[in-house]
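Please read this briefing alongside the sequence and the 3D view. It goes through the structure topic by topic, for someone meeting it for the first time.

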Amino acid sequence: MTTAASASAVSPSTSVRVPVWAWALLAFAVFALYFVSQENGALLSAPAAQMLHELTHDARHALGVPCH
Amino acid sequence: MGLSFGSVLRRGVLAGVSAGLAAAVVIWLVVEPVIRRALAVEDLRSVHGGQSASAGLPAHGGEEPLVSRSAQVVGGAVTAVLVGVAVGVIFAVVFARMRERLAGRGDFGRSMVLATIGFSAVSLLPALKIPSNPPAVGDPETVGRRTMLYAVVLLLGVAIALLVPVLDRRLAARGTVPSTRWAVDVVATVALVVLVLVLVPGSPDTVPADVPAALLWDFRLASLAQLATMWLTLGLVFGLLMERVVPPKRALEPVAA
C-alpha cells in the first residue's frame with residue numbers, strides 16, 4: 001500500500017522520448033487525412049481523384065468535411 | 001527508464017482502429033439513413049427535367065455513376081477506419097510529447113483529456129462554423145472557399161489548444177493561485193472561440209429550398225455523433241491500453257540465461 005503510493009508519487013518521469021521519425025509519421029498521418037478528405041485533383045489525375053472522391057464520399061459527408 | 005515511444009504508438013494504432021470501426025458502425029446505422037433521404041432529394045431534381053443544372057444545384061454523377069451506392073457505403077466504412085488509424089497515430093505522437101503536461105489522473109485521465117481537446121479543437125469548432133451538409137446541399141462552385149475556411153477554423157482550434165496552456169504556465173510562473181488560473185484559462189478559451197466564430201466568415205452557400213430543414217438538422221447531428229464516437233472511443237481505448245502498461249520490474253532484470 002505505502003510502497004504503491006510512494007511509487008506513484010515519485011514515478012520517475014512521465015515523459016516519453018519522442019524519436020525524430022515520429023514527427024515524419026505524424027506528417028504522413030496528416031497527409032493521409034488530407035488525401036482521403038480533401039484530395040480533389042491537386043496531386044492525382046482528375047479521373048483518379050474523382051474515383052477517390054466517390055469512394056470516400058459517405059465518410060467525407062459524415063466527417064463534416066466540405067464536399068462538392 | 002520511461003515508457004518507450006513504440007509501445008505508445010502501438011496503443012495509438014490499436015485505439016485508432018477501434019475508433020474507426022466504432023465510427024463506421026455509427027455511419028452505417030445513423031448517417032447512411034440520412035444520406036439516403038438526401039439522395040432521394042437529388043433524385044427528384046434529375047426527375048424534374050434536369051432543372052438542377054440550370055439552377056446550379058448539386059445533382060450527383062449524371063446518367064452513369066462512377067461508383068455504385070453499395071460501393072460508396074463500403075468505401076465510406078473503409079475510409080472511416082483509415083481516418084481512425086491516422087488520427088490514432090497523431091494522437092499517440094501528441095500524447096507521448098505532451099504526457100507530463102496533460103492534466104488528468106493517470107494515463108486514462110490524460111487520454112480522455114487529450115481526446116476531449118482533440119474533439120473540441122479539430123471536430124466541434126469547425127463543425128460550428130462550417131457545419132456538415134448532406135448530399136444535395138453544397139454548391140460545387142464554392143467548395144474551394146468552404147474547404148479553406150474549414151481548414152482555417154481547424155488550425156485556429158489547434159492554436160487555441162496550444163495557446164491556453166502556454167498562458168496557464170505563464171500564470172503559474174508568476175505565482176497565480178490555481179483557482180484564478182482556471183478562471184483565466186476558461187475566460188481566455190471562451191473569448192478566443194467567440195472571436196474565431198465571429199471573425200471567420202461562414203459558408204457562402206445557401207441551402208437549396210427543396211432540402212427540408214429537418215433533414216439538414218438530422219444530418220448535422222448524425223455527423224457530430226459520428227465524430228464524437230470516434231474521439232470518445234479513441235480516448236477510452238487508448239487510455240485503457242495505457243493503464244495496462246506493465247511497469248518494468250527491476251528485481252527480475254538480473255536474471256540472465
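Which side chain does that of A:Asp58 meet in a salt bridge? The partner is B:Arg69, with 3.1 Å from N to O, where a salt bridge is a side-chain nitrogen of Lys or Arg within 4 Å of a carboxyl oxygen of Asp or Glu. This is a predicted model, in which local features need pLDDT of at least 70 and side-chain atom pairs count only at pLDDT 80 or more, while totals for chains, interfaces and linings use all residues. Residues are numbered from 1 along each chain as its sequence is written, chains are lettered from A in the order in which they are written, and side-chain values use heavy atoms, with hydrogens and water left out.

**Chain A**
- The secondary structure of chain A consists of three helices and zero strands, in the order α-α-α along the sequence; helices (H or I, at least four residues) and strands (E, at least two) are DSSP runs, numbered from the N terminus.
- Of the 68 residues in chain A, 41% are buried, a term that means under 20% relative accessible area, with exposed meaning over 50% and partly exposed in between (1.4 Å probe, protein chains only).
- Chain A exposes about 3700 Å², and carbon and sulfur atoms supply 74% of that area, as computed by the Shrake-Rupley method with a 1.4 Å probe, for which only the protein chains shown count as cover for residues.

**Interface of chains A and B**
- In chain A, 32 residues are in contact with 50 residues of chain B, contact being heavy atoms within 4.5 Å.
- Between them the two chains bury about 3500 Å², 72% of it on carbon and sulfur atoms; this is the accessible area (1.4 Å probe) that two parts lose on being put together, summed over both.
- A:Asp58, A:Leu63 and A:His68 supply 20% of the area that chain A buries against chain B, more than any other three residues.
- The rule finds one salt bridge across this interface.
- On the side of chain A that touches chain B, α2 (20–38) and α3 (46–63) each supply at least two residues, and α3(A) gives the most, with eleven residues.

**Features of chain B**
- B:Val186, found in helix α6 (residues 178–199) of chain B, is partly exposed, with a relative accessible area of 43%.
- B:Pro140 lies in the loop between α4 (106–129) and α5 (143–173) of chain B and counts as partly exposed at 42% relative accessibility.
- The C-alpha atoms of B:Pro140 and B:Asp205 are separated by 9.8 Å, although these residues are 65 residues apart along the chain.
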